Each structure stands twice: as structure tokens, then as C-alpha cells.
Amino acid sequence: MMGKTHIFIGTASALALTLPDSPMKCLTAIMGGALGGMISDTDLDSLKNIKETMYTKSIAGFISAICLLIDFIFKCGIIEYMKNSNHMVMLGGLIAFIALYFIGAAADHRGFTHSIFALLLYSTAIGAMCYPVALPFAIGFASHILLDCLNKKPVRVFFPVKKGICFKLCYAAKTANQMFMVIGIISTILLLGFSIVKISI
């Protein structure tokens with residue numbers, strides 16, 4: 001599937017599975033789901049795919065920036081949590097995340113970055129930087145892997161095992177992609193609305 005689809009399926013999945021009951025949890029679900037949903041495709045960093053990957057990263061970055069801005073204005077707790085965290089642990093998580101990013105960028109598509117192994121490594125690095133974002137990030141990451149398994153090209157879910165999983169149900173950039181993107185957007189809006197109502201009651 002394409003980047004936008006992964007982002008919105010990531011946010012919808014994170015909201016659905018974490019069932020946020022506070023403003024902070026809503027923001028971390030959206031931010032973590034968006035980042036986790038797109039990060040696997042760092043292995044597309046090539047001249048051929050640079051436009052798509054930059055566009056996807058820009059959307060995920062914009063969503064994250066908006067979440068942090070809302071947190072800053074309304075004091076929801078993310079920034080405060082990070083201020084009170086161990087800064088050496090946070091730095092270690094950031095270094096690990098950057099290293100994983102470059103390793104992923106050099107990997108074959110739907111290999112390392114589309115595996116359970118990578119999910120655990122990336123989520124651990126994110127957790128060290130900001131623990132409340134780790135679970136939504138992992139859910140978004142898992143949703144990316146599951147979606148790509150529907151495509152025609154095998155996904156090495158159990159990397160370093162060479163054999164991949166492929167259900168051959170649809171193509172990455174055709175009708176199914178559009179359908180899942182619409183489902184992701186609508187589900188994100190509905191689930192976010194449900195969470196806001198639940199919090200306000």
C-alpha cells in the first residue's frame with residue numbers, strides 16, 4: 001500500500017486498540033500510529049521513490065507536529081512527561097532510532113523494516129524517547145506489515161528468515177489502496193470523535 005494509506009490505517013488502528021481515555025492518550029495514539037504506520041517504508045529511500053517517501057514523511061511529520069503543538073498549548077502531558085524523563089535514556093533511544101533509520105534505508109524493500117524483529121527494535125527506541133508513544137507506534141508498525149502482506153510481493157515478516165508472507169489479494173497502488181485509505185481516514189475521525197466524547201463525559 002501507499003504511504004498515506006499506511007499512515008491513516010496506523011492512526012485508526014492505534015486509536016481502536018488503545019481506546020484513549022485522556023487527551024494525552026489521544027495525541028500519542030495519533031502521533032504514534034502515524035509514525036509507526038509510515039516508518040517501515042524507509043527502505044524505499046531511493047531516487048525512484050524519493051518523492052513518495054518524502055511526501056509520506058511530511059504528512060507524518062505534520063501530524064506529529066500538530067499533536068505536539070496541541071500538547072504544548074493545552075498541557076496534555078506529552079512534553080511534560082519528556083521533561084521529567086531520564087534524558088540519557090532519551091538520548092540513547094534517539095541514537096538507536098537514527099541508526100535503525102539508516103539501516104532500514106539501506107535494506108531491501110519489504111525485508112528488515114517489515115519484520116517483527118524491526119518492530120521490536122524501533123518500538124524500543126521510541127519507548128526510550130517517549131514511553132507513552134511506544135504502544136501506538138508498535139500498533140501502527142504492525143498495521144503496515146499486515147497491510148503489505150495483502151499485496152503481490154512477499155513480506156519478510158520473520159526476518160532474517162528469507163521466506164516471506166504474501167496473500168496476493170491486491171496491488172499496492174490500485175483500488176484496494178484507495179479503499180483502505182478512505183477506511184483509515186473515516187475510522188480515524190470516528191474513533192477520535194468517540195474518544196473525545198468519552199473523555200468529556
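The structure is a predicted model, in which local features need a pLDDT of at least 70, side-chain atom pairs count only at pLDDT 80 or more, and totals for chains, interfaces and linings use all residues. Residues are numbered from 1 along each chain as its sequence is written, and side-chain values use heavy atoms, with hydrogens and water left out. The protein chain comprises eight helices and zero strands; helices (H or I, at least four residues) and strands (E, at least two) are DSSP runs, numbered from the N terminus.

**Confidence**

- The mean pLDDT of the protein chain is 93, and 97% of the residues score at least 70; pLDDT is the predictor's confidence in each residue, from 0 to 100.
- Among the elements of the chain, H6 has the highest mean pLDDT (98) and H3 the lowest (91).
- Where pLDDT is low, the predicted coordinates should not be read in detail.

**Overall fold**

- Along the sequence the pattern of the protein chain reads α-α-α-α-α-α-α-α.
- The radius of gyration of the chain is 16 Å, close to the 17 Å given by the globule rule for 201 residues, so the chain is as compact as a globular protein of that length. The radius is taken over C-alpha atoms, and the globule rule is 2.2 Å times the number of residues to the power 0.38.
- The C-alpha trace spans about 45 × 40 × 30 Å along its principal axes.
- Of the contacts with a separation of 6 or more, 69% are between residues 24 or more positions apart; a contact means heavy atoms within 4.5 Å.
- The accessible surface of the chain is about 10,500 Å², and 76% of this surface belongs to carbon and sulfur atoms. Accessible areas come from the Shrake-Rupley method with a 1.4 Å probe; for residues, only the protein chains shown count as cover.
- Buried residues account for 46% of the 201 residues. Buried means under 20% relative accessible area, exposed over 50%, and partly exposed in between (1.4 Å probe, protein chains only).

**Nonpolar cores**

- The largest nonpolar core has 37 residues, of which Phe97, Tyr122 and Phe141 touch the most other members. Such a core is a set of buried Ala, Val, Leu, Ile, Met, Phe, Trp, Tyr and Cys residues joined through side-chain atoms within 4.5 Å.
- At least two residues of this core come from each of helix H1 (3-18), helix H2 (23-39), helix H3 (50-74), helix H5 (87-105), helix H6 (116-129) and helix H7 (131-148).
- Helix H2 contributes the largest share of this core, eight residues.
- Another core lies apart from the largest one and has seven residues, among them Ile9, Leu147, Ala176 and Phe180.
- Leaving aside residues up to four places away in sequence, the residues touched by Tyr122 include Ile39, Phe97, Leu100, Phe112, Phe137 and Phe141.

**Salt bridges**

- Two salt bridges are counted under the rule that a side-chain nitrogen of Lys or Arg lies within 4 Å of a carboxyl oxygen of Asp or Glu.
- Lys25 is partly exposed at a relative accessible area of 44%, and Asp21 is partly exposed at 46%.
- Arg110 forms a salt bridge with Asp148, with the closest N and O atoms 3.6 Å apart. This pair links distant parts of the chain, as Arg110 is in the loop between H5 and H6 and Asp148 is in helix H7, 38 residues apart.
- Arg110 is buried at 7% relative accessibility, and Asp148 is buried at 1%.

**Backbone features**

- Most residues other than glycine have a negative phi, and most peptide bonds are trans.
- Arg110 has a positive phi, near 60°.
- Leu19 also has a positive phi, near 45°; Leu19 lies in the loop between H1 and H2 and is partly exposed at 49% relative accessibility.
- The peptide bond from Phe159 to Pro160 is cis, with omega near 15°, and Pro160 is in the loop between H7 and helix H8 (175-200).

**Exposed helix positions**

- Met88, in helix H5, is exposed with a relative accessible area of 63%. Met88 and Asp71 are 17 residues apart in sequence, and their C-alpha atoms are 23 Å apart.
- Lys51, in helix H3, is exposed at 73% relative accessibility.
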